[in-house]
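Please work through each task before reading its solution.

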Amino acid sequence: MNKTVASHGGTSTQLDKPRLLLIELNEFNDSLLRDAARDLRLSNIQKIFDLSHCKAKTDDPYESDLLEPWVQWVSIHTGTPSSVHQVKHLGDVPSLKFPQVWETLSRAGVTTGIWGVLNGSRGHETEHNEFFLPDPWTFSEAAHPQALEALLGLPRYAATNRLRMFGPELAWHVLKCFKVLLKHSLFEAFVRELPAVVKVGMKHRREFVGFCLFEYLSGLLFLEYWGRYRPQFGVVFLNGLAHLQHYYWHGVDYARNERLAYGLRLVDKFLGQVLETIGPETRLVVSSGLSQENTNDEPEWVSYRPRDHATFLRGVGVAFKSVEPLMSYDALIFFGSADDKLQALAKLRSAKVGNQSLFLVEEYPLEPLKLFYRFQFTQPVGAEAGCSLAGVDFEFGKFFSKIVTRTGRHVQASDIYANDANLPAHMLNHELCQYILGYFGVSAAGLE
């Protein structure tokens with residue numbers, strides 16, 4: 001495929017490159033994947049390990065609140081470290097001042113297809129973006145084309161109602177998703193996975209079963225769009241393995257760890273479909289973005305969240321306009337007045353269990369009617385533990401619930417695999433952006 005690429009200097013060049021597909025397999029631990037591929041005979045994951053390997057890293061330390069996927073993927077997408085792009089929280093992309101890799105490529109005439117990217121925006125350079133599916137937690141973003149909005153309803157409902165998910169609305173969103181599956185001939189794939197879904201779902205009764213299945217089917221739909229629109233550059237983001245590592249990474253006998261094995265087998269099946277679909281001529285890149293290490297031998301680190309953000313805020317007398325839950329234990333709060341925001345800031349910062357603060361609360365200098373807050377209390381505590389907030393006493397369990405005792409935590413190192421003999425052996429995390437742009441002969445400024 002030949003493309004004429006106009007440069008800012010008015011000259012042109014010919015793009016004659018095979019397509020490039022980036023699989024963002026979020027936070028995978030390289031050793032875990034290698035051992036599981038061997039023990040569970042996951043042949044497609046093993047094929048990834050046969051590719052060229054690059055060790056990547058970020059300079060963001062664990063204690064900085066920047067060693068988070070919604071920060072690191074922004075660094076990769078923009079080619080800038082967090083100290084430069086300044087995006088710290090999920091949902092902050094409306095304030096992003098740097099073009100993302102698909103925007104820079106679009107400006108150079110390279111067609112793109114983007115699927116599920118974390119903390120990403122379709123952006124302003126959209127002429128050559130064929131399709132875009134945002135993550136379910138970045139509420140400011142819409143899907144393109146509009147028909148893909150039907151895929152966002154279910155995960156966004158689950159993200160907003162994580163601890164009170166089952167009800168009539170859930171059934172409605174599931175039915176809408178089924179309509180998408182039927183329309184795109186994915187119902188057969190769903191039926192094939194149904195026995196494993198029923199077996200694991202009945203035994204464990206946890207949301208990871210449906211989430212991993214949804215992600216797998218969504219990935220298959222991405223491949224259909226990849227074939228239909230034939231973008232030169234594509235991205236697909238997968239988060240299921242990161243979730244399983246955080247929650248269920250117990251022991252090293254993967255064949256007996258049914259929850260991990262379930263998710264890993266779906267990843268392996270998806271990679272098999274990718275390898276079959278793209279063919280050997282496509283440049284394939286698989287990146288973890290950042291990674292995790294196991295925490296079973298570390299002191300307990302417990303993740304909590306409000307049972308319902310709005311109920312909690314109203315219960316402690318916070319006047320707010322709306323609240324948007326984020327991925328796990330955090331949310332964005334919007335206010336009708338500056339006074340309401342300042343009162344909420346003081347109240348939330350005063351919240352304690354004993355003498356330990358419950359929340360990290362941060363302001364947005366350019367958005368005076370908005371707050372970010374998240375749990376920073378991680379000690380084991382019972383539901384009857386006493387809490388205080390601006391002179392109001394209540395039991396911990398009245399508003400809050402335990403999510404999980406973490407089994408994996410973020411680390412600075414990450415891994416990149418590619419079918420490229422010239423892949424560098426080492427790079428900084430954000431330099432992956434320059435690697436992709438360089439493949440197409442495009443500079444960070446959008447020039448050839």
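**Exercise 1.** With which residue does Arg206 form a salt bridge, and how far apart are the closest N and O atoms?

*Solution.* The model examined here is predicted. The partner of Arg206 is Glu207, and the closest N and O atoms are 3.6 Å apart. A salt bridge requires a side-chain nitrogen of Lys or Arg within 4 Å of a carboxyl oxygen of Asp or Glu, so this pair qualifies. Arg206 has a relative accessible area of 35% and is partly exposed; Glu207, at 28%, is partly exposed as well.

**Exercise 2.** Is Lys370 buried or exposed?

*Solution.* The relative accessible area of Lys370 is 6%; buried means under 20%, therefore Lys370 is buried. Its side chain meets that of Glu367 in a salt bridge of 3.4 Å, N to O. Glu367 is partly exposed, at 31%.

**Exercise 3.** Describe helix α8.

*Solution.* Helix α8 covers residues 187-204 and spans 24 Å from its first C-alpha to its last, close to the expected 26 Å. A kink of about 45 degrees lies at Glu193, shortly before Pro195. Glu193 is also one of the buried residues of α8. The elements covering these buried residues include α7, α9 and α11. After α8 comes Arg205, with a positive phi near 50 degrees.

Key
Residues numbered from 1 in each chain as written. Predicted model: local features only at pLDDT ≥ 70, side-chain atom pairs only at ≥ 80, totals over all residues. Heavy atoms only, no water. Helix = DSSP H or I, 4+ residues; strand = E, 2+ residues; numbered from the N terminus. Expected span 1.5 Å × (residues − 1). Bend = angle between axes of the 7 residues up to and from the residue. Buried < 20%, exposed > 50% of the residue type's maximum accessible area, 1.4 Å probe, protein only. Contact = heavy atoms within 4.5 Å.
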